[in-house]
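Me: I would like to go through this structure by question and answer, with the cut-offs stated as we go.

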Amino acid sequence: MTNRTFPQGFLWGTATASYQIEGAAREDGRGESIWDRFSQTPGKVVNGDTGDVACDHYHLYKQDIQLMKSLGVSAYRFSVAWPRILPTGTGSVNQKGIDFYSRVIDELLAAGIRPFITLYHWDLPIELHDRGGWTNRDIAGWFADYAAIVARALGDRAQDWITLNEPWCTSFLGYDMGVHAPGICNHHLAVQTVHNTLLAHGAGMQAIRAASPTPCRVGITLNMGYNLPATDSEADRIAAENAVDSVYEWFVPPIFAGHYSERLLSEGGEQQPVVQPGDMALISARNDFLGLNYYSPTRISSAGGVAHAVRNPNGEYTEMDWEVEPEGLYRILLKLKKVTKGQVPLYITENGSAFLDEVAPDGAVHDERRAAYLRGHLSAASRAITDGVDLRGYFEWSLLDNFEWALGYTRRFGLVRVNFATQERLIKDSGHYYRDVIAANAVI
Ligand code: FCB
């Protein structure tokens, strides 16, 4: 049993995203997004599920914020749906969209919870998709204009901004593998999308800083794992050390060193992003913090002479088929400390697990494995802090069971169970465990 205390003022949060929880897809002037279109396309999402209703958070936000308050959380990461603010992506502002997020912020502040706002968590207005979406470099300007509108309207009460969530997923799941909206399979376009998301991040940071009525902090959230050896053989250890971590390499060097990874570019052959003069300076402008989403490592084996990813036969896996291994979190935190020269505060903006939860005869959800996942990863985070990582907060994914993208409602990540037929909420045992961690400010 570990008992590690976190620094005073460490933020304990939960995270969600607009399309995954809000519902009210056609209410109060919200425009259509690429995820509405994608989920309504037969065969794209398991069971034909959509985010039309999701957790109905648009109507139940007060109750959800009270749930967070009862857990004792001090911060909440949520995203703004671009098509609620600008139904066609650019042009006229939908005041009702602004008003919704304004109400959410007031409610959070009244509950003593600090808002962390993600501007883009994947719900791009469909009109912008029709103009090329993320493959069109004009999107940097469209995004900056949208970000400025939100920062101007909400920046009197919210000071922590995340431009984009996981641009690797936007680029490669959306435009290369086609398993996320908009469902395109074109590697070349995905590579250009990487660059355009980075441009949008740089332009968005500038726009938010200029528009916010109060001093603010701006960063980005990147998803990262860590390459761990499949076995403890020397050959696997070397293979893991040398294997490319493409998520890391596409985004960390441009943002923190102002250039693309030479290795990726040389391996890419003809597939290079088109970079214009001034782009890299914009992309590598100062970040006030970096958000890390960590779920799982990748196991690298050298068997057969070629390094490749394998399953860990002795590993524990979640319902996402992601290995549970907190050591990967510890290692990536240390690596990020090194690459940012310890000068950029870090937040874990997502970490969590999906399991097959059941409501027990006693009416509770005894999700010991989710609590154990939390305990393991919080211990790793605490160890990283002890070893000098400037980690300021932890946002558990997720507050609620929700719409898990192409997997629809078949994967439950919540600390709180949602009955999607009745919209009833029920705090799971892991939620109670998290509440006790927060109260102790320590891994217990
Ligand atoms: C991340 C996403 C988040 C959620 C988790 C499980 O990649 O940012 O919305 O789906 O995975």
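This is a predicted model: local features need pLDDT of at least 70, side-chain atom pairs count only at pLDDT 80 or more; totals for chains, interfaces and linings use all residues.

Me: Is aspartate 401 buried or exposed, and what is its relative accessibility?

Reply: Aspartate 401 lies in the loop between β12 (391-397) and β13 (416-419), the strands (E, at least two residues) and helices (H or I, at least four) being DSSP runs numbered from the N terminus. Leaving aside neighbours within four places in sequence, its contacts (heavy atoms within 4.5 Å) include Cys55, Asp357, Arg412, Phe413 and Lys428. On the scale used, buried means under 20% relative accessible area, exposed over 50% and partly exposed in between, with a 1.4 Å probe and protein chains only. Aspartate 401 therefore counts as buried, at a relative accessibility of 0%.

Me: Which peptide bond that involves serine 398 is cis, and what is its omega?

Reply: Serine 398 is also found in the loop between β12 and β13. Most peptide bonds are trans. The cis bond here joins tryptophan 397 and serine 398, with omega at about 10 degrees.

Me: What fraction of the ligand's exposed area does the protein bury?

Reply: The residues around the ligand, each with a heavy atom within 4 Å of it, include Gln20, Trp122, Tyr295, Trp397 and Phe413. Polar side-chain atoms lie 2.8 Å from a ligand oxygen in the case of histidine 121, 2.9 Å in the case of asparagine 165 and 3.0 Å in the case of glutamate 350. Taken alone, the ligand exposes 300 Å², an area from the Shrake-Rupley method with a 1.4 Å probe, and the protein buries 94% of that.

Me: What is the phi of glutamate 166, one of the residues around the ligand?

Reply: Glutamate 166 lies in the loop between β5 (160-165) and α8, and it counts as buried because its relative accessibility is 7%. Most residues other than glycine have a negative phi. In glutamate 166, however, phi is positive, near 50 degrees.

Me: Where does α3 bend, and by how much?

Reply: Helix α3 (residues 57-71) has 15 residues, yet its end C-alpha atoms are only 18 Å apart, short of the 21 Å that a straight helix would reach at 1.5 Å a residue, the expected span being 1.5 Å times one less than the number of residues. A bend at a residue is the angle between axes fitted to the seven residues ending there and the seven starting there. By that definition α3 bends at glutamine 63, by about 35 degrees.

Me: How far apart are the C-alpha atoms of leucine 67 and arginine 425?

Reply: Leucine 67, in helix α3, is buried, with a relative accessible area of 13%. Leaving aside neighbours within four places in sequence, leucine 67 is in contact with Val416, Arg425 and Ile427. Leucine 67 and arginine 425 are 358 residues apart along the chain, and their C-alpha atoms are separated by 8.9 Å.

Me: What length does helix α5 reach from its first C-alpha to its last?

Reply: The buried residues of α5 include Ile98, Tyr101, Ile105 and Leu108, and what covers the buried residues of α5 includes α1, α3 and β4 (114-120). Helix α5 (residues 95-110) has 16 residues, and the span expected at 1.5 Å a residue is 22 Å. The length that α5 reaches is close to that expectation, at 22 Å.

Key:
Residues are numbered from 1 along each chain as its sequence is written. Side-chain values use heavy atoms; hydrogens and water are left out. A polar contact is a pair of N or O atoms within 3.5 Å; within protein, one must be able to donate a hydrogen and the other to accept it, and residues adjacent in sequence count only if both atoms are side-chain atoms.
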